[in-house]
Amino acid sequence: MAHSKAQRRGLLIILSSPSGAGKSTLAKRLRAWDNDISFSVSATTRKPRPGEVDGQDYHFVTVESFKQDVANGDMLEHAHVFGNFYGSPKGPVQTAINEGRDVLFDIDWQGAQQITNSDLGKHTLSIFLLPPSITELRRRLESRGQDDAETISRRMQKSWDEISHWGSYDHVLINEDLDETEEALKTIITATRLRRIQQPSLIEHARTLQQEFEDLS
Ligand code: ADP
């Protein structure tokens with residue numbers, strides 16, 4: 001039975017991997033597949049870079065307001081990186097999942113752990129992407145053409161720190177063939193949307209069935 005959007009609760013879909021394994025590419029494909037999947041827009045205290053749009057790339061906020069949000073429990077997860085704060089605001093996520101829409105998080109293992117341990121943790125689906133090999137990971141970072149040699153070396157050095165946490169995710173995919181990984185992701189999401197906890201309207205449906213059953217006898 002197909003459930004309408006309002007009848008299911010949305011998922012917090014967490015996608016983690018070392019840089020270059022394919023997160024952004026797959027996240028874009030998932031959005032193209034179902035535009036009810038939105039990206040979580042992070043809040044940050046760093047200054048906008050040229051071309052970055054407030055509310056779209058990031059929510060650019062002051063240190064004071066960031067700290068206040070953390071103190072109020074309004075951040076699902078947060079981190080301090082190179083002197084700046086980054087975090088995922090809880091409000092928009094809560095609204096989306098109440099309305100039956102999924103939210104995708106492209107975050108590292110530490111953020112994933114904080115979200116999984118938050119009060120929305122029971123609605124998370126965490127997926128880790130592994131590269132087929134470290135050589136291929138480097139090849140992808142180089143072929144992406146986004147980073148200089150020094151940045152690529154830094155990303156490669158950090159990659160094991162991220163990969164070593166693959167064991168704490170619900171699902172782990174080796175992103176060898178992009179199309180196959182995309183299909184696997186869609187299958188996982190489709191199945192997880194049907195978890196009992198994602199379908200609060202089942203209680204009402206079961207009551208209706210019970211009533212109908214009793215009326216028959
Ligand atoms: P991340 O967001 O995890 O840093 P990207 O999505 O930017 O990684 O992918 C890094 C590069 O690898 C991109 O150039 C992308 O097109 C390429 N790529 C991603 N997945 C695959 C795959 N399965 N096979 C080959 N190339 C891939």
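Colleague: Which backbone N or O atom lies 2.9 Å from a nitrogen atom of the ligand?

Modeller: That one belongs to Glu176. Keep in mind that this is a predicted model. As for how covered the ligand is, it exposes 570 Å² when taken alone, and the protein buries 80% of that.

Colleague: OK, and which side chains have an N or O atom by the ligand?

Modeller: Arg140 is one of them, with a side-chain N or O atom 3.2 Å from a nitrogen of the ligand. Ser17 is another: a side-chain N or O atom there is 3.5 Å from a ligand oxygen.

Colleague: How many residues surround the ligand?

Modeller: There are 15, and the closest include Lys23, Ser24 and Arg144. By type, the shell has 7 polar, 5 charged and 3 nonpolar residues.

Colleague: Which helix gives the largest share of that shell?

Modeller: H1, with 3 residues. Helix H1 spans 23–33, and helix H5 (134–144) also supplies at least two.

Colleague: Switching topic: what order do the strands of the open sheet come in?

Modeller: E4-E3-E6-E5, with mixed pairing. E4 (59–60) and E5 (75–81) are at the edges with a single partner strand each, so one side of each has no neighbour in the sheet.

Colleague: Which helix packs on the sheet?

Modeller: H3, residues 90–98, which touches E5 and E6. The direction of H3 makes about 20° with that of E6.

Colleague: And E3 with E4, parallel or antiparallel?

Modeller: Parallel, over 2 bridges. Thr44, for instance, has Phe60 in E4 as its bridge partner.

Note on methods: Residues numbered from 1 in each chain as written. Predicted model: local features only at pLDDT ≥ 70, side-chain atom pairs only at ≥ 80, totals over all residues. Heavy atoms only, no water. Near = heavy atom within 4 Å. Polar contact = N/O pair within 3.5 Å; in protein donor to acceptor, adjacent residues only side chain to side chain. Areas by Shrake-Rupley, 256 points an atom, 1.4 Å probe, with all protein chains shown as cover. Helix = DSSP H or I, 4+ residues; strand = E, 2+ residues; numbered from the N terminus. Nonpolar A, V, L, I, M, F, W, Y, C, P; charged D, E, K, R; others polar. Pairing = 2+ DSSP bridges. Contact = heavy atoms within 4.5 Å. Axes fitted to C-alpha atoms, helices over the stretch in contact; angles between N-to-C directions.
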